[in-house]
Amino acid sequence: MHSKKINKRKKINISVIGLGVGFSHAMKIKKDKNLNLISVYDPDLKKARLLSKKLNCKYKYKFNDVFNDKELNSLVISSPDDKHCNQIIKTIKNSKNFFIEKPLCNNRKELVKIKKELKLKKNVLFESNLILRTVPLYKWLKSKIINKYFGEIYSIEASYLYGRSEKILKGWRGKAKNYTGMNGGGIHMIDLVCWLLNKKPKEVYSFGNKICFKKYNFNFKDFENSIFYFDNDLTASISVHLGCIHKHHHILKIYGSKRTFIYDDKGPRVIYSKKKNSKHLRVKYESLPKDKTILMNNFFKSILKNKFKKNKMKDNFNLINILDAGQLSHLKNKKVKINYEKY
Ligand SMILES: NC(=O)c1ccc[n+]([C@@H]2O[C@H](COP(=O)([O-])OP(=O)(O)OC[C@H]3O[C@@H](n4cnc5c(N)ncnc54)[C@H](O)[C@@H]3O)[C@@H](O)[C@H]2O)c1
């Protein structure tokens, strides 16, 4: 039992990169006595200066400068998606662990570069912010799936309803290289489905359109749908709606041979009968993450306790392979096999 306790004398010294959602990470680090926020970096220097004052830490003029602090152990990278790959590579070269906002990177080409660096620095650990795994409702759902409560699952439908159009139309997302709705939002649903099933899809067929935002000058689709093919003919249809008329939300439907699970804006429920007037069971667990910093905090705690599970890194590699195959399917307009490289 003793080894599981956090070594109270040891602290993790962290720099936070990118101060959008990164600001919440920095605040959480400040509140944790085992973690030490030593610096922040954001190219918006006014923001960096202001927030570093509030957080009582240093701010850096350049990303590379964060590595000048000898005591630095780790980074939290919360920059725009298209900046992740280069920043990760520099972080690995400097032998620092990192917690990265999702997606780890944008495509397989970037993933190969990251893996190459990780092979040279085998001690570097990372995790990304796949936040739906922390939701009590989905922990409950996973345990029920394992216990066959829903019978044999034969179909899943999941939708990511983006809501906040201004983030696409005015922020970095509409301008970033290689941005896609599936990489940005759909990734949460893909990860949730794979994690719930404890399975990886074998093939994917993707399609989409750009109708809602057709007058805007970016080259990704605002609606994407991918059908993922698992073993035993189980399919999961996952869609991302960047322009839909709905608040930010997600929908999940799990169809099993014994019961059906539905989560939408009417709340989570289990349907157990085909009869016209039959009632359903309300599921009373929290359906949204409490905050976006839980996994970040747990990542560093698990490192301090020497308990970090490296298979989480593999899950992130697999996710990028899945997303990449989805993009290839869009381009080829046909179903494609998903290649999972070895790690
Ligand atoms: N896990 C989640 O649920 C979740 C939610 C929101 C965002 N995100 C992810 O977090 C990351 C940041 O998104 P956001 O919503 O905070 O965006 P944001 O626009 O709110 O903030 C991004 C910040 O990064 C800064 N920035 C720009 N270029 C940079 C660079 N080269 N290096 C460092 N910082 C840079 C900007 O000045 C800005 O302050 C993205 O990867 C996004 O996908 C994850």
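**Salt bridges and the domain interface**

Lysine 312 forms a salt bridge with glutamate 127, the closest N and O atoms lying 3.7 Å apart, where a salt bridge denotes a side-chain nitrogen of Lys or Arg within 4 Å of a carboxyl oxygen of Asp or Glu. Because lysine 312 belongs to helix H9 (residues 311-332) and glutamate 127 to strand E6, the pair ties together parts that are 185 residues apart in sequence; helices (H or I, at least four residues) and strands (E, at least two) are DSSP runs numbered from the N terminus. Glutamate 127 is buried at 6% relative accessibility, whereas lysine 312 is partly exposed at 29% (buried means under 20% relative accessible area, exposed over 50%, and partly exposed in between, with a 1.4 Å probe and protein chains only). The model is a predicted one, in which local features need pLDDT of at least 70 and side-chain atom pairs count only at pLDDT 80 or more, while totals for chains, interfaces and linings use all residues. Residues are numbered from 1 along each chain as its sequence is written, and side-chain values use heavy atoms, with hydrogens and water left out.

The structure holds 13 salt bridges. Among them, arginine 133 and aspartate 315 meet at 3.1 Å, N to O, linking the loop between E6 and helix H5 (136-146) to helix H9 across 182 residues; arginine 133 is buried, with a relative accessible area of 17%, and aspartate 315 is partly exposed, at 28%. Lysine 93 likewise forms a salt bridge with glutamate 117, with the closest N and O atoms 3.2 Å apart, and this pair joins helix H3 to helix H4 over 24 residues.

The domain assignment, which is automatic or taken from a database, gives domain 1 (2-131 + 293-306) and domain 2 (132-289 + 322-337), with C-alpha centres 28 Å apart. Contact, meaning heavy atoms within 4.5 Å, involves 14 residues of domain 1 and 17 residues of domain 2. The area buried between the domains, that is, the accessible area (1.4 Å probe) that two parts lose on being put together, summed over both, is about 1,400 Å², of which carbon and sulfur atoms give 60%. In domain 1, Asn106, Leu130 and Ile131 lose the most area to domain 2, together 41% of what that side buries. The count of salt bridges between the two domains is 0.

Helix H8 is mostly covered, 8 of its 11 residues being buried, including Phe299 and Phe300. The buried residues of H8 pack against several elements, among them strand E1 (12-17) and helix H1 (21-31).
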